[in-house]
Amino acid sequence: MTSPRASTSQSNALGSAGNRGYWSHDSEMTADFGVNQGLVEEQFLKWVDNPLAVDEAWRSYFESLAPTEWPQISSAGTIMAPITATGLLSPAQEPSDGNGSPAPLAPRSVTLVDGSTVDDGARNSVLLPPTAETPLEPILTELRTSFPPSSELLAANELQARLSALINAYRVRGHLYADLDPLGLHRKPPKDEFVLKRYGLAHVDPDTIFATGNMAGPPNESLRSVLARLKDTYSRTIGVEFTFLENQDARDWLRDRMELTGNHIDLSREQQVRILTKLTDAEIFEQFLHTKYTGAKRFSLEGGESVIPMLDILTERASELGVEEMVIGMAHRGRLNVMVNIMEMNVRQIFAGFEDDDPEKYVGTGDVKYHLGYSLDRKTASGNSMHMTLAFNPSHLEFVNPVVEGRVRAKQDRKGDDNRLSVLPLLIHGDAAFVGQGVVAETLNLSRLPAYETGGTIHVVINNQIGFTTNPEDSRSTSYCTDITRMLRCPVFHVNGEDPEAVAQAVTLATEYRQRFHGDVVLDLFCYRKYGHNEGDEPRFTQPEMYEAIDRKKTVREVYIDHLIKTGKLTTQQADEIKVQRQQELERALEDTRKNGNYDLIPASMLGLWTEFRGGSDLDVPDADTRFPRPRLIDALGKLTSYPDWFTPHPRIRRFVLEKQVKVMETGEGVDWGTAENLAFASLLVDGVRCRLTGQDVRRGTFSHRHAVIFDETSGRRYTRLGHLSADQAHLEIHDSPLSEVGVLGFEWGYSLDSPDALVCWEAQFGDFVNVAQVIIDQFISSSEDKWQRLSGLVMLLPHGMEGQGPEHSSARLERFLLLCAEDNMQVVNLTTPAQLFHCLRRQVLRPWRKPLIVMSPKSLLRHRRAVSTLDELAEGSFQRIIPDDPAVEPSKVRRLALCTGKIYYDLLERREQTKADDIGIIRVEQLYPLRASELQALLAPYPKDVDLVWVQEEPWNMGAWYFMRARLPEILGSEQPLRCIARPESASPATGSGASHKLEQRLLVDEVFH
Ligand SMILES: Cc1ncc(C[n+]2csc(CCOP(=O)(O)OP(=O)(O)O)c2C)c(N)n1
Ligand SMILES: [Mg+2]
């Protein structure tokens, strides 16, 4: 199918790509991008959710389509094709969702024209136009029926078939025999695979002419020539895995591009000199640091210098193909080299880091130099500008991957880059980490999901065939370290890093592939590591054989110079000039750094989008007015509770959600948790604030309280209540996520970095599972401001509370979050009323203070009869960090004052009412961090000096907020006021597995407060 808009955006991409640029190898490739199915699907998904979310051209295009022409949605489960029990609907019959748009449908079987039915999977292919088949050229037009079965013909057919089998074997398995390892130590399978004998072709005269079938190139060719081309293409210094690609166009495109050229790139002398210059930059930079800062850790790239020309070509070619912005995630290896030689960072800043001569400058803050991020606008050779961002990362290998993807997605969303061609994610991995770390698989799994796709990531593996001191035999069960990407069936180019021109060919193909087919692609750069893991490490203790081979090696640059001299492209003198020039530049820069100083790399985080926002101390930033007028709340409720004519809600949704909310509208009373939360989102959306909420089952809500998206009772078609508030409401994304914590949370944190003006939320299924994402919490969320001056307003909703559901469904590990709190780095709240949630979520956006917000979300309070608010509390109230006791309880009569947080409050309140124990005071600490000392002091002031002050929590003594309170409260309250704790006894696991025991424990706990 085609769309007017799809072809427009292609021509935009072609506009820049069509000018033959520096690395344009095949300007023709840009002439037939084909219809961007991903873009069409994405626009379609937006349109069905809210027709106004797409621009006019798309709107009228989709409106013009009959349902049978609706795009197939490849991402399972997001949206289904239009059907009813009786079959396909036409647009005229198509029920509307109230805003004039058809709404999505749930999976069903489809009635076909012939009366048969097919299920979902088959339906997609039914609704798509059939794939055009290229008719094969008749071989001999005059023979239309059959050939005489002569023995010669049969023998010839047999030989032709054998050759086809051999051609196919090269395509599928040629990479196994390729010359990939510069050290020559890489073990290959026994060498008989492609021996002609095996294919029954040994006795054939090599000059016999064969038909080449679907092999790109001449239609007829001698056996000798076919074999030479196959070897060149598939078993030289590039080994490619691509035959499993599901997209036949992509497979054929790659095959043709490789076979036509023998997988060689046609480089001008100018391009070859550029490659050499980049290799020289890479090598000389490392050698310079090695001599000037002997023994200092830099994680040298030596042995893998080809990464630098590779990234240079990637940047140039991507720019020619319409990429305007790249976000890069990479680890330690070669990072400084990339910063200087690809990102054009002033090398003086690196030298300043090595000088590190002012011990007082970064006490308690900052990060090591090979973790720092950086961004710049690079002018490319083709005259375009490329904004390049290197993401900050922790030592924890690979965890930056989802963060980079989230950042890219946010940039794409902000730019309206719907075809995802102008912002490119680039992830650079180590061989051991890539296959070893689970977060890699989680991130790969995000790549084709509507909520997370970024149009394809280019992965580069600096495969130095070792991880610290560990050999591949001990670090993976797979043949290649890239085999984890087989889950996506994306192309993988293994390339010998000592052949920079093969590297150039592979990276050119990979870049074009990403821009053309919008999918992930992998470059596995086989290389070696000249030194130990770092420069102070002796690798010969553990890898003597490998290092013997390494010691004998010329550098990659020298090997390439030999090649250029041999082919008459360069003289030794010219090569030396390039080297000397680079050395002199570095000498001058070092001298300047030492003389003039002041080149420290200070992360510049508060520029651009961030200028209006603040980090730092809580007290320095005023509170926001979070009120929202009652008539507008009623209007929002009206929208939330209405639905289109075609929609029939499930009776229980109608009764317990919609009718209940209508009642709130009428009475202004009974705002429950789900209603307040929906209203918080709605109030922001109608005021133009983008909102994004992902997590497992968030559309409905794990505890069935949200129902932001509801489903037609019979067809299952989806209706997004929050998507139909007003014509000009801001964009909403609410997506059920995959069953992932670390990948998804990393992604959302990345998304929040580039969306300071949006409400970005992630919800855990139960808070208990949040520890699967602990690295993201420790290394990014809690510490990024301190280490990198990076702020985030991410909200984490973590269901928490002791409710008899067992050890793994009770605790979001509040204690761990509190342990991480320092320097006002984040906010931790445990709320008791829907109004509090409403104001807290609104505050998160309306206050310019950007800090992660950790919410201990309730479970039973979602439906607790007392945990309700009024519309007036939403309209007129504000967020209360601490909620004082009922004014009816006279402070001077209180003998015991219970400080608590979260749902235990209601247990205490009910007991107090039952026992009329008005000598027990109850104060709710709603915001545990930052804790405002003055507020707490003011609240406690009216109570008697000798009041029995207790911290009451339902969590075991060694969990919950007690350790935190015990450490913080004495200072706030003054040391003379004793403080004790009433809690469950200490416990190694958060909760009992028995519901009955839970109840008993809870009763005893409350007894203790009231005894
Ligand atoms: C999650 C994690 N585990 C362990 C480490 C410690 N570590 C640092 S580098 C390294 C080896 C990495 O090998 P590889 O991924 O091949 O990268 P290379 O150093 O070879 O470039 C290890 C184990 C780490 N940084 N992160
Ligand atoms: Mg390695």
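**Group meeting: a walk through the model**

Let's start with helix α27: 12 of its 13 residues are buried, so the helix is largely enclosed by the rest of the structure. By buried I mean under 20% relative accessible area, with exposed being over 50% and partly exposed in between, using a 1.4 Å probe and protein chains only. Helices here are DSSP runs of H or I with at least four residues, strands are E runs of at least two, and both are numbered from the N terminus.

Quick housekeeping. This is a predicted model, where local features need pLDDT of at least 70 and side-chain atom pairs count only at pLDDT 80 or more, while totals for chains, interfaces and linings use all residues. Residues are numbered from 1 along each chain as its sequence is written, chains are lettered from A and ligands numbered from 1 in the order in which they are written, and side-chain values use heavy atoms, leaving out hydrogens and water.

Back to α27, which covers residues 834-846. Its buried residues include Phe 838, His 839, Arg 842 and Arg 843. From first C-alpha to last, α27 reaches 18 Å, close to the 18 Å expected at 1.5 Å a residue; the expected span is 1.5 Å times one less than the number of residues.

Now helix α8, residues 269-292. Its 24 residues should span 34 Å, and the end C-alpha atoms are 34 Å apart, which agrees. Since 17 of those 24 residues are buried, α8 is also largely enclosed by the rest of the structure. In the loop between α7 (248-261) and α8 you'll find Gly 262. Is Gly 262 buried or exposed? At 6% relative accessibility, Gly 262 counts as buried.

Next, strand β8, residues 325-330, where six of six residues are buried. Glu 325, Val 327 and Gly 329 point one way, Met 326, Ile 328 and Met 330 the other. And the partners? Strands count as paired if DSSP finds at least two bridges between them. β8 runs parallel to β10 (residues 385-390), joined by four bridges, and Ile 328 has Leu 390 as its bridge partner there.

On to ligand 1. Which residues come nearest to ligand 1? Of the 15 around it, they are His 332, Arg 333, Ser 395, Asp 431 and Ala 433, where near means a heavy atom within 4 Å. A polar side-chain atom of His 332 sits 2.8 Å from a ligand oxygen. For Arg 333, a side-chain N or O atom is 2.9 Å from an oxygen of the ligand, and for Ala 433 it's a backbone N or O atom, at 2.9 Å from a ligand oxygen. The protein covers 74% of the 580 Å² of accessible area that ligand 1 has on its own, with areas from the Shrake-Rupley method and a 1.4 Å probe. Helix α13 (residues 431-436) gives the largest share of the shell, three residues.

Last stop: an open, mixed sheet of five strands, in the order β23-β25-β24-β27-β28. β23 (882-883) and β28 (979-984) are at the edges with a single partner strand each, so one side of each has no neighbour in the sheet. β27 (residues 948-956) and β28 pair parallel over five bridges, with Trp 951 partnered by Cys 981 in β28.

How values were computed: A polar contact is a pair of N or O atoms within 3.5 Å; within protein, one must be able to donate a hydrogen and the other to accept it, and residues adjacent in sequence count only if both atoms are side-chain atoms.
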